[in-house]
Amino acid sequence: MKYPGIFFIYFFIAASLSCCAQQNPDSISYVHIRNVIIKGNKTTKDYIILREAQLKANDSIVAALMPGRLEQSRKNIYNTSLFNEVKITAELIDTAITDILIEVKERWYIFPTPQFQPVDRNINEWLKTYHADLQRVNYGIKFVHYNLSGRRDQLRIYLLNGYTRNISFSYSAPYSNTSLTEGFSVGGGFSQNREVDYNISYDNRITSFFPLVKDKSFIGSFVRNNYFLNLGYAIRKGIFNRHTFFAGYNYQKVDDSVARFYNPNYFRDGADSRQFVDLVYTFNHADVNNINYPLTGNTYYFSVLKRGFGFNGGVNMLSLEGGYNKYFDLHRNWYAGIGMQAKIKLPFDQAYINQRGLGFGEAYLRGLEYYIIDGVAYSLARTTLKKKILSFKLPMPFKSKSHPYIPFTFYAKTYGDVGYSYNKKQYDTYLNNRFLYTGGFGIDIFTFYDLNMRFEYSFNQLGEKGLFLHTQSGF
């Protein structure tokens with residue numbers, strides 16, 4: 001035979017298929033679910049928990065698949081961020097019939113939290129650049145209810161004053177129809193700032209405007225006002241995918257000195273105010289073990305934003321953004337993760353308020369926290385290798401049935417980031433339009449209510465190094 005290898009492969013596949021076809025389907029063992037019992041939920045509705053579980057009464061499941069279905073259902077319920085603990089067990093009635101027991105410990109859902117926090121982008125900037133200036137803080141109260149009617153609906157009311165002012169509200173109901181596949185959100189309010197960022201210097205520092213006052217201890221008047229109203233609609237038919245449609249109205253006004261003298265491109269054409277509409281579509285996929293601190297699984301998203309009803313001039317913009325994250329369990333308490341994201345804004349000639357790039361939110365390189373790298377297009381990639389080194393629980397300082405202890409888990413890590421931010425030549429800075437890279441090592445502390453404290457000692461391509469602190473919470 002001319003090709004004996006090909007003949008052997010064909011014979012092997014045919015024999016395998018024949019064997020599978022002759023297998024008796026009755027030999028596969030099934031388990032019938034008689035009841036699904038839920039315990040521990042005092043506020044959350046049963047059907048909200050069942051909506052996340054992949055286990056229903058009267059289902060019949062292949063016995064070999066049952067452990068995987070139990071664990072996936074546990075992760076789905078925990079990732080609602082409604083519970084501190086979720087436990088799912090199968091209680092056999094006989095060899096082919098079982099009851100499923102779902103036990104949960106609910107979190108505290110009501111947080112009337114006093115606020116006293118810096119206004120700067122991160123705590124590192126407040127401490128180093130502004131020397132922990134107590135005038136650069138906001139004070140007031142944030143009232144948040146994370147489970148208002150037991151349907152995972154959230155109500156937020158912000159009453160903040162100080163260096164900035166924010167009076168606003170929002171309400172979101174992710175499950176507003178009987179089949180629990182659609183939801184809506186609504187919000188509105190206004191904010192005011194005593195300082196307005198109007199440009200980025202060549203060395204990638206924010207240039208700000210604030211009124212001059214004779215007494216340096218006196219905080220000046222507000223120089224930026226923003227009024228907003230938004231509506232949202234979400235579709236989530238399965239477990240892992242969500243489609244969101246958003247419409248928002250904004251009216252922004254800055255001190256006329258900003259638009260007239262400091263940066264006529266702030267809103268374009270020397271205007272000191274603009275009103276515009278944002279229309280946004282976002283697709284999100286999340287299949288991870290813990291949505292607030294993933295160690296395994298993957299997430300990805302894609303978003304389209306249209307600002308204004310035109311294409312050129314003013315603040316009109318079309319923005320496309322996407323990202324992907326993959327998390328690996330390397331076994332023996334070793335984990336790895338890689339994340340990528342990119343964004344582009346069209347046309348490239350944009351008003352200053354549309355040029356925000358790297359340096360805000362989670363779009364930054366670790367080690368370049370003090371820098372703003374604006375751009376109409378950017379890309380970013382992060383890699384992290386970590387090892388779980390310690391885990392323990394401390395008793396709650398006061399008696400609580402729902403929260404008897406505070407868990408702590410420590411991870412040691414090393415990481416490296418690369419990025420690039422493009423902007424037109426007239427807006428060019430030292431870190432624009434060049435390859436960026438950083439690296440470092442640190443400790444993550446993961447604790448109560450999915451609070452993640454990150455202590456990172458980072459290096460950057462400028463030869464700088466330093467310790468940075470970041471915090472992130474699921475609530």
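**Aromatic pairs in close-up**

At 6% relative accessibility, Tyr411 counts as buried, because the cut-off for buried is under 20%. The model is predicted.

**View 1. Tyr411 pairs with Tyr335.** Tyr335 also counts as buried, at 12% relative accessibility. The two rings form an edge-to-face pair. Their centres lie 6.4 Å apart, with 70° between the planes. Tyr335 belongs to strand 17 (residues 334-346) and Tyr411 to strand 19 (residues 405-422), so the pair ties together parts 76 residues apart in sequence.

**View 2. Tyr198 and Tyr262 form one of the 28 aromatic pairs**. The ring centres are 5.1 Å apart and the planes meet at 50°, so this pair is tilted. Tyr198 sits in strand 10 (residues 196-200), Tyr262 in helix 5 (residues 256-262). The pair links distant parts of the chain, 64 residues apart. Tyr198 is buried, with a relative accessible area of 11%. Tyr262 is partly exposed, at 41%.

**View 3. Five aromatic residues form a cluster**. Its members are Trp108, Phe111, Tyr146, Phe448 and Tyr449. Ring pairs provide the links.

**View 4. Arginines lie over tyrosine faces**. Arg205 is placed over the face of Tyr371, 4.4 Å from the ring centre. Arg434 lies over the face of Tyr430, also at 4.4 Å from the ring centre.

**View 5. The whole protein gives the setting.** The protein has 5 helices and 22 strands. Of its 475 residues, 43% are buried. Its C-alpha atoms fill a box of roughly 85 × 75 × 45 Å along the principal axes.

Note on methods: Residues numbered from 1 in each chain as written. Predicted model: local features only at pLDDT ≥ 70, side-chain atom pairs only at ≥ 80, totals over all residues. Heavy atoms only, no water. Helix = DSSP H or I, 4+ residues; strand = E, 2+ residues; numbered from the N terminus. Buried < 20%, exposed > 50% of the residue type's maximum accessible area, 1.4 Å probe, protein only. Phe/Tyr/Trp six-rings, centres within 6.5 Å; stacked < 30°, edge-to-face > 60°. Lys NZ or Arg CZ within 6 Å of the ring centre and 35° of its normal.
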